[in-house]
Amino acid sequence: MSSPPLLHLSGRPLGRAALALLLGVSLAACGQQVTGTSASTGKDVLYFADSPTGLPPMYVNETYTATLPVAGGVGPYTLRVTGGTLPPGLSLNGSARQLSGKPTKTGTYKFTLEVTDSTLSTKTNEYTVNVQELPPLALTPTLPTGEIRGETRIPLTITAPRGARAAHLSWELPENVKVTRIQSAEQGGLLFWRQEGRMVLLDVGFKTVPRSGSRIALISVKPSKAATLTAAKLTFEARDAEGRVVGAPPPAVSTPTAPTAPAAPATPAAPAPTNTAPATAPAPAAPATAPATAPPTEGEPPNPPSSTPPGPGGAP
């Protein structure tokens, strides 16, 4: 079999390699794609992929863990602190890209982190964080603003969990509202519930301490007629892994009644002046009664006493 004729350029025959090159250039000029390897490899720019809300909140004496997201570049990545000061009690694990610990002091702190990828590319980012006192633990239902007329799902959120591993909730609903279902949410665990009349009782356990602001349950309710939900009659109690109470609503504060002023003592009435006449001086005693026998008349001898003895019974 004879070989194909060779093209000639300026009177000289072209080799097969030169011909292939020439055809490739021609096809590329006509818009055809030419496959092959590129001499350069592209990569994304290295950057910190932080959430728009920043790092999770920090509270005094509360365990804190946050992973610092990094994207682009070529992994693996390492982090280090290049400026500023971490909050006291926190430390950085550079290879795990994790900030963890237990803050010990309130305040505002600024620090700069630098990430390095496997190609030694670097990127820095500055952070400002506030360490605050921990607010009271709370279980809060997210209620609709108006009346409900059909089945409605109510998210139950936990705030400032304080190491909670279990929680109990009691909620008195309007008379015409029934609970149809309660299911675990993103940070919830094993749960039990029942409804007794208007009161719904819920017990939920957590495999790990839930994140502050996370949903722990979804409560589905259905009214028989339009109703407005309120949390005025909702109470709860949360306990840690050792059974200690770590959260409960504050007791209702009753308005103290102003003490009644003691009655003023009655002023004694002034004694009315008396116009009683002074007591009459006692009348002098009347002189003794004169003897029955009149004294003898001058010149008349006195009568001699009777010599006759008295008879029996005093008769003469």
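Reader: Hi! Let's start with Phe111 and Tyr127: buried or exposed?
Author: Hello! Both Phe111 and Tyr127 are buried. Keep in mind that this is a predicted model.

Reader: How are the rings of Phe111 and Tyr127 arranged, stacked or edge-to-face?
Author: They are stacked, because the planes of Phe111 and Tyr127 are at 20 degrees, with the ring centres 5.6 Å apart. Phe111 belongs to strand β10 (residues 107-116) and Tyr127 to strand β11, so this pair ties together parts 16 residues apart in sequence.

Reader: Nice. How many aromatic pairs are there?
Author: The count comes to two aromatic pairs. Phe48 and Tyr127 make an edge-to-face pair, because their planes are at 80 degrees, and their centres lie 6.3 Å apart. That pair links distant parts of the chain, 79 residues apart: Phe48 is in strand β3 (residues 47-48) and Tyr127 in strand β11 (residues 122-132).

Reader: And which residues form the aromatic cluster?
Author: Phe48, Phe111 and Tyr127 form one cluster. Phe48 counts as buried too, at 11% relative accessibility.

Reader: While we're around strand β10, where is Glu114?
Author: Glu114 sits in strand β10. With a relative accessible area of 14%, Glu114 is buried.

Reader: Okay, a buried Glu. Which side chain does Glu114 have a polar contact with?
Author: That would be Arg80: a polar contact of 2.9 Å joins the two side chains. Leaving aside neighbours within four places in sequence, the residues in contact with Glu114 include Phe48, Thr78, Thr82 and Lys123, besides Arg80 itself.

Reader: Switching topic! How many residues does the largest nonpolar core have?
Author: The largest nonpolar core has 29 residues, and Leu139, Trp171, Ile182, Ile216 and Val221 are those with the most contacts inside it. Elements giving two or more residues to this core include β13 (152-159), β14 (166-172) and β19 (234-239).

Reader: Which strand gives the largest share of this core?
Author: Strand β18 does, with four residues.

Reader: What about another core?
Author: Another core, of 21 residues, lies apart from the largest one, and Tyr64, Val70, Leu90 and Phe111 are among its members.

Reader: Now sheets. What is the strand order in the open sheet of four strands?
Author: The order is β12-β13-β18-β15, with antiparallel pairing. Strands β12 (138-141) and β15 stand at the edges with a single partner strand each, so one side of each has no neighbour in the sheet. On average, neighbouring strands of this sheet are turned by 25 degrees against each other, direction ignored.

Reader: How many bridges join β15 to β18?
Author: Seven bridges join them, and the two strands run antiparallel. As one of the pairings, Arg181 has Ser220 in β18 as its bridge partner.

Reader: Last one: which residues of strand β5 are on the covered face?
Author: Tyr64 and Ala66 are on the covered face of β5 (residues 64-67), while Thr65 and Thr67 make up the uncovered one. Four bridges join β5 to strand β9 (residues 98-101), and these run antiparallel. Thr65 has Ser100 in β9 as its bridge partner.

Conventions. Residues numbered from 1 in each chain as written. Predicted model: local features only at pLDDT ≥ 70, side-chain atom pairs only at ≥ 80, totals over all residues. Heavy atoms only, no water. Phe/Tyr/Trp six-rings, centres within 6.5 Å; stacked < 30°, edge-to-face > 60°. Buried < 20%, exposed > 50% of the residue type's maximum accessible area, 1.4 Å probe, protein only. Core = buried A, V, L, I, M, F, W, Y, C linked by side-chain atoms within 4.5 Å. Polar contact = N/O pair within 3.5 Å; in protein donor to acceptor, adjacent residues only side chain to side chain. Contact = heavy atoms within 4.5 Å. Pairing = 2+ DSSP bridges. Axes fitted to C-alpha atoms, helices over the stretch in contact; angles between N-to-C directions.
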